[in-house]
Amino acid sequence: MADLWQDAMDHAVTAARGAGRQVVREALREDRKVMTKSSSVDLVTQTDQKVEQLIIQSVKEKYPTHRFIGEESVAAGEPCVLSDEPTWIIDPIDGTTNFVHGFPFVAVSVGFSVNRQIEFGVVYSCLEDKMFTARRGRGSFCNGQPLQVSAQTDVGQSVIATEFGSNRDPEVVDGIFSSLRNVLAIPVHGVRSAGTAAINMCLVASGCVEAYYEMGMHVWDLAAASLLVTEAGGVLMDVEGGPFDLMSRRVIAANNRSIGQRIAREIRAYAPVRDDAPAHTQ
Ligand SMILES: Nc1ncnc2c1ncn2[C@@H]1O[C@H](CO)[C@@H](O)[C@H]1OP(=O)(O)O
Ligand SMILES: [Mg+2]
Ligand SMILES: [Mg+2]
């Protein structure tokens, strides 16, 4: 059967690779002017804005009726609405802090949803030159090679990824450390942070880490990579173990349900302002 969205996916791959190679990698050679958004450690550069505009423009030419949720467009005041319409969910640079510092995990993330379901996800890791792709029902791939989550069932022999986010409120930081302490003390083999939610989830899809959890990231961090996890055989759930909600800003992505549930028991959960809350603030 012909795949309705294959053309759109091909376009996403070309756009993400082009932006990553020609814009992100080039910009790494130059001085990067850094601005801030929600806090003094929530960074944005002109490259983030340029990449987002490039991708959105190229999609609009081909698919004039499609909708967009883009990190930098939302920061500029565009609404963050996930409807049933075909919607491109874009994080032009996932890992801006890494980009600013030259820490080598920087991704362009493009997800595509129809009827609020992710149809394909594309995550291009610009410095590793790795193209992660997933199409619903057709598997996950890295540079064309199929991906499979880890087969580990013993949480004590697992590596867990998480991030520290950009919220430095002492209560939020205390919560992060409380969860981290509990997870480390399970004990697990290790805890890692790539500095980008999308790449952390691609690491779950690749089988290098058993689970990734975080609260506070946004739909554009998760959309594309969430499909990479499930199409590689993994599971998504809420940080309290319930069903995953793309707009809730909370996720556990795990190789299997038992490891996911085990991590959920150790997390001190809080509820960030949802991405679809009426007065959305980043
Ligand atoms: N100071 C910071 N440290 C880590 N992640 C940050 C951050 N500020 C913003 N983030 C964003 O939060 C996500 C989840 O941790 C990251 O993928 C990153 O996406 P960004 O680079 O697209 O802003
Ligand atoms: Mg991001
Ligand atoms: Mg970003």
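Reader: Which residues have the most contacts inside the largest nonpolar core?

Author: The model is a predicted one. Its largest nonpolar core has 41 residues. Within this core, the residues with the most contacts are I69, I89, V123, M201, Y212, V219 and L228.

Reader: Which element gives the most residues to this core?

Author: Several elements each supply at least two residues, among them strand β6 (117–125), helix α6 (197–206) and helix α7 (219–231). The core also draws at least three residues from each of domain 1 (5–146) and domain 2 (155–265). The element that gives the most, with 9 residues, is α7.

Reader: Which residues does L228 touch, apart from those up to four places away in sequence?

Author: L228 is one of the residues with the most contacts inside the largest core. Leaving out residues up to four places away in sequence, L228 touches G121, V123, F132, T133, A134, S140, F141, L147, C202 and A205.

Reader: Which residues does UniProt list for "binding site", and why can they be said to gather at one spot?

Author: The unreviewed UniProt entry lists E71, D91, D94 and D221 under this term. They span 151 residues in sequence, yet no two of their C-alpha atoms are more than 9.6 Å apart, so they gather at one spot. The lining of the largest pocket includes E71, D91, D94 and D221.

Reader: Is D91 buried or exposed?

Author: D91 lies in strand β4 (residues 87–94). Beyond its neighbours within four places in sequence, D91 is in contact with E71, A107, V108, S109, W220 and D221. Buried means under 20% relative accessible area. Because its relative accessibility is 0%, D91 counts as buried.

Reader: What is the relative accessible area of E71, and what is that of D94?

Author: E71 is found in helix α3 (residues 71–75), and E71 is buried with a relative accessible area of 11%. D94 is buried as well, and its relative accessible area is 6%.

Reader: Which residue bridges the magnesium ion (ligand 2) and the magnesium ion (ligand 3)?

Author: The two magnesium ions, ligand 2 and ligand 3, lie 3.5 Å apart.

Terms used:
Residues numbered from 1 in each chain as written. Chains lettered and ligands numbered in written order. Predicted model: local features only at pLDDT ≥ 70, side-chain atom pairs only at ≥ 80, totals over all residues. Heavy atoms only, no water. UniProt positions renumbered as here; feature names shortened; annotations may be inferred. 1 Å grid on protein atoms, 1.4 Å probe; cavity = no way out; pocket = protein on both sides within 12 Å on 5 of 7 lines; lining within 4 Å. Helix = DSSP H or I, 4+ residues; strand = E, 2+ residues; numbered from the N terminus. Buried < 20%, exposed > 50% of the residue type's maximum accessible area, 1.4 Å probe, protein only. Contact = heavy atoms within 4.5 Å. Core = buried A, V, L, I, M, F, W, Y, C linked by side-chain atoms within 4.5 Å. Domains from an automatic or database assignment. Donors = N, O, S within 2.8 Å, 3.2 Å for Na, K, Ca; no water.
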